[in-house]
Amino acid sequence: MSSLSERFRSRRSSSLVVAGEVVFSVYRKRVQIGQTLRVERITCSPHREQSLNLSCSGALLETNGISASGMMLRSSRCPESVDIHVTPIESDIGPNASGAVDVLCWNSWFVDDIEHAWIGEAGIRLGGTEPIRLECNDGLGETEFGDLVVDLTIS
Amino acid sequence: MTDLELIALFAGSWIAAAAIWMLLDWAARPKHARFRPKGDRIHRGPFSYRHFRRVRRAEENEEVRLRIEQRYGRPTLALRQKRRLQVLARHDRLVTGIGTNEALLADEALLGDGALVGAGVGAGAAETDSESELAAGNPSDNTSNTADAAGHDEADTTVAEPVYWTAMRDKAMGFDAQNDERLAKGEPPVRYNPVLRDDEAMAYDGTTGAWPTHTVDPFAHTAEQDVDTAGTDAPSSSDDESDTAIERAVRDLEHLPEAG
């Protein structure tokens, strides 16, 4: 039986229906520029270091004094609750100060200090909508979607 | 009429005839004879083709291309193909061993994969071209921290790329059967990147392999303080592993903007 990553790759899609549930390789959430995204880590696997990655096109993510279009929240470094601000991009053709952008979320894990994502049985299951609960499974071990569980709150 | 006037009249009549011929040819040329690439011929009608050409012309505009890249996080097709050719060419050089380490570092700067360690300029060498310095491989310009007194760098004893991939096969990384076959052949594993909507391969920088990443760790500078207290969520690590984490955190700091 092919793994989740193989099925994502063969379908060139970021979502699948597995046993009646929708599983994502990347979770997309529409947010407004100026809003704040709170990431709370609920549980994390003790076997491997986990990380939640966020990426945004059309805006910057700012936290801890750092602004970037892509961020990695490693379980060994970042606090359990992190506030990320969605800020506009200052560019030569003028700032994109308003509008909605897509924030992409996916999980990754570290093996021998090498970050991996989107291989094996990696996937994200939606455990709730208010707040948004992402139950992530890394590419190793059982497919229980309990390797990394985070809550996303938009304010 | 003099001979000169006769010659001028003869030449003028031919030029006028040629101009009239070109004018008639341009006016009478049918529309179906206009050159259209084969890839553009699948259109519902003239209006959809005009719209297609308008969109393509707009994308060629640099300003629009920048806006597309900021909004969608991906460059246009032309730019992506150029980068893909550069990446493939670099990968071929890594596999075949053609090209010195310095030339490969120059490729890193071209691709913008990360901070390029600038060539150290010795005394009296300020006017020297940096590229010629790199090509000469002057040991005094070796800026690697691991270089010993003789100027030999630790990176000189790195494993060849196919050997590295073959050895990775023995580690439990969670690769599927297709990637296992690639590792057995000494090729890097590939995965589907749903953010870029394209396949990507693992890259080997001479010491270790890594997937391409465009994310920044905003808490990297706190890694050194957290080494002593970390461990509640991550597995316990040996001193060697923590040093590697610290080194990586320091390297991440090189990419971060200065805190305001």
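# Exercises on a two-chain predicted model

W165(B) sits in helix α7 (residues 161–168) of chain B. Keep in mind that this is a predicted model. With that said, let's work through it together.

## Exercise 1: A tryptophan in chain B

Task: Decide whether W165(B) is buried or exposed, and find which residues it touches beyond its sequence neighbours.

Solution. 
- Step 1. Begin with the cut-off: a residue is buried if 20 or more other C-beta atoms lie within 10 Å of its own.
- Step 2. W165(B) has 23 C-beta neighbours inside 10 Å, so it counts as buried.
- Step 3. Setting aside residues up to four places away in sequence, W165(B) touches L183(B), G186(B), E187(B) and P188(B).
- Step 4. For a distance to check on screen, take W165(B) and P189(B): their C-alpha atoms are 8.2 Å apart, while 24 residues separate them in sequence.

## Exercise 2: Two chains side by side

Solution. 
- Step 1. Follow the order in chain B, which reads α-α-α-α-α-α-α-α-β-β-β-β-α-α along the sequence.
- Step 2. Look at contacts with a separation of 6 or more. Residues 24 or more positions apart account for 58% of them in chain A and for 33% in chain B.

## Exercise 3: The helix of chain A

Task: Work out which residues of α1(A) are buried, why they line one face of the helix, and what they pack against.

Solution. 
- Step 1. List the buried residues of helix α1 (residues 4–11) of chain A: L4(A), S5(A), F8(A) and R9(A).
- Step 2. Look down the axis of α1(A): its buried residues fall within an arc of 135°, so they line one face of the helix.
- Step 3. Check the face turned away from that buried side, where you will find the exposed residues S10(A) and R11(A).
- Step 4. Identify the packing partners. In chain A the buried residues of α1(A) pack against β1 (15–18), β2 (21–24) and β12 (123–129), and in chain B against β1 (190–193).

## Exercise 4: The nine-stranded sheet

Task: Trace the strand order of the open sheet in chain A and explain why β1 and β7 each have a side without a neighbour.

Solution. 
- Step 1. Trace the nine strands of chain A in the order β1-β2-β12-β13-β14-β4-β9-β6-β7, with antiparallel pairing.
- Step 2. Now the ends: β1 and β7 of chain A stand at the edges with a single partner strand each, so one side of each has no neighbour in the sheet.
- Step 3. Zoom in on one pair. Strand β6 (residues 60–63) of chain A runs antiparallel to β7(A), joined by three bridges, and E62(A) has S67(A) as its bridge partner in β7(A).

## Exercise 5: The partners of β10(A)

Task: Find how many bridges join β10(A) to β3, to β5(A) and to β11(A).

Solution. 
- Step 1. Strand β3 (residues 27–32) of chain A pairs antiparallel with β10(A) over six bridges; R30(A) has D102(A) as its bridge partner in β10(A).
- Step 2. β5(A) also pairs with β10(A) in the antiparallel sense, over eight bridges, and L52(A) stands opposite N107(A) in β10(A).
- Step 3. β11(A) runs antiparallel to β10(A) with three bridges, and W109(A) is partnered by H116(A) in β11(A).
- Step 4. Inspect the turn: β10(A) and β11(A) form a hairpin with two residues between them, and D112(A) in the turn has a positive phi of about 55°.

## Exercise 6: Where the chains meet

Task: State how many residues of each chain are in contact and which elements of chain A contribute two or more residues.

Solution. 
- Step 1. 47 residues of chain A are in contact with 42 residues of chain B.
- Step 2. On the chain A side, the elements giving two or more residues are α1, β5 (49–56), β7 (66–68), β8 (70–74), β10 (100–111) and β11 (114–116).
- Step 3. Sort the residues on that side of chain A: 18 are nonpolar, 19 polar and ten charged.

Notes
Residues are numbered from 1 along each chain as its sequence is written. Chains are lettered from A and ligands numbered from 1 in the order in which they are written. This is a predicted model: local features need pLDDT of at least 70, side-chain atom pairs count only at pLDDT 80 or more; totals for chains, interfaces and linings use all residues. A residue is buried if 20 or more other C-beta atoms lie within 10 Å of its own, exposed if 12 or fewer, and partly exposed in between; C-beta atoms are placed from the backbone. Helices (H or I, at least four residues) and strands (E, at least two) are DSSP runs, numbered from the N terminus. The arc is that of the directions from the helix axis to the C-beta atoms. Two residues are in contact if their C-beta atoms, placed from the backbone, lie within 7 Å. Ala, Val, Leu, Ile, Met, Phe, Trp, Tyr, Cys and Pro count as nonpolar, Asp, Glu, Lys and Arg as charged, and the others, Gly among them, as polar. Two strands pair if DSSP finds at least two bridges between them.
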